[in-house]
Amino acid sequence: METAIAPSISEILSPRAIAAASKRGKQELGQEEFMHLMVMQLKNQDPFKPLEPEQFLGQLAQFSTVNGIESMRNSLSGLSASLQGSQVLQGANLVGRSVFAAGQVAQLSDSGTISGALGVPAGASNVQVRVIDAGGGLVRTFSVPADGELSEFSWDGRDSVGARMPAGRYALEAVASFGGRQESVEMLLRQRVDSVTIDPAGGSLRLNTAAGAVALGDVRRIM
């Protein structure tokens, strides 16, 4: 009794399927080739050991899942690129404008000031802002009235005796009294947006200022 020789893949696939496979490369199997292989597998299976229905459905489900995941990945990649492009266009409208953004470091120019605002919670009293130089030294402390959701302030660039401080970066921190105890208060600094970029790590929009990059999520107010 002669043993049946299983047909090769090239014999199973139609000329159209072979051409399609050649276009994609030898390592890829398209939907048309897969279906041809499945049909020929049924035709050439051992009649005494037929393919179980569960196996057949499992192979179909596996191919469908992989194909669906690939399609979803392509769709999500396109959506991500579209959203990033939209973010850049929206961010471009902020260039040249000022924002209040969460942070503690600001750039002082030769004759300028540093402005900001505090998100003072209800019940706070004796709100103080401390200005600290690059060496960690305390330059000045001044009070800010707790008169609303955002209490604005401006530092004139002078120390506690009225001497003009040199240009550079300064850190600002705020504390307030709550029933006899002191707690930190959120500091919002006024920054001018010079340009915008997309963070390559997370894909989020970054606003570039003289004091450094600011995440769009840290912006509380746009002026």
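**A residue and its surroundings**

Tutor: A176 is found in strand β7, residues 168-178. Strands (E, at least two residues) and helices (H or I, at least four) are DSSP runs, numbered from the N terminus. This is a predicted model, in which local features need pLDDT of at least 70 and side-chain atom pairs count only at pLDDT 80 or more, while totals for chains, interfaces and linings use all residues. Residues are numbered from 1 along each chain as its sequence is written, and side-chain values use heavy atoms, with hydrogens and water left out.

A176 is buried, with a relative accessible area of 0%. Buried means under 20% relative accessible area, exposed over 50%, and partly exposed in between (1.4 Å probe, protein chains only). Leaving aside neighbours within four places in sequence, A176 contacts A124, S125, N126, V127, R181, Q182, E183 and V185. A contact needs heavy atoms within 4.5 Å. The C-alpha atoms of A176 and V129 are separated by 9.0 Å, though these residues are 47 apart along the chain.

One of those contacts deserves a stop. N126 lies in strand β4, residues 125-132. Its phi is near 50 degrees, a positive value in a residue other than glycine. Most residues other than glycine have a negative phi. N126 is partly exposed, at 47% relative accessible area.

A124 and V127 also turn up around A146: that residue touches V120, A124, V127 and S151, not counting residues up to four places away in sequence. A146 belongs to the loop between β5 (138-143) and β6 (151-155). It is partly exposed, with a relative accessible area of 42%. Its C-alpha atom is separated by 9.0 Å from that of G123, 23 residues apart along the chain.

Now the aromatics. A search of the whole structure finds two aromatic pairs. Rings of Phe, Tyr and Trp (its six-membered ring) pair if their centres lie within 6.5 Å; planes under 30 degrees apart count as stacked, over 60 as edge-to-face and the rest as tilted. F142 and F153 form a tilted pair, 5.9 Å centre to centre, with 55 degrees between the planes. F142 is in strand β5 and F153 in strand β6, eleven residues apart. F142 counts as buried at 14% relative accessibility. F153 is buried at 8%. W155 and Y170 form an edge-to-face pair: 5.3 Å between centres, 65 degrees between planes. This pair links strand β6, with W155, to strand β7, with Y170, 15 residues apart. Both W155 and Y170 are buried.

Further along, β9-β10-β11 is the order of an open sheet of three strands with antiparallel pairing. Its edge strands are β9 (195-198) and β11 (212-215), each pairing on one side only. Neighbouring strands here are turned by 35 degrees against each other on average, direction ignored. Axes are lines fitted to C-alpha atoms, for helices over the stretch in contact, and angles run from 0 to 180 degrees between N-to-C directions. Strands β9 and β10 (residues 205-209) run antiparallel, joined by four bridges; two strands pair if DSSP finds at least two bridges between them. I198 has L205 in β10 as its bridge partner.

Last, the whole chain. The protein has four helices and twelve strands. Buried residues make up 29% of its 223 residues.
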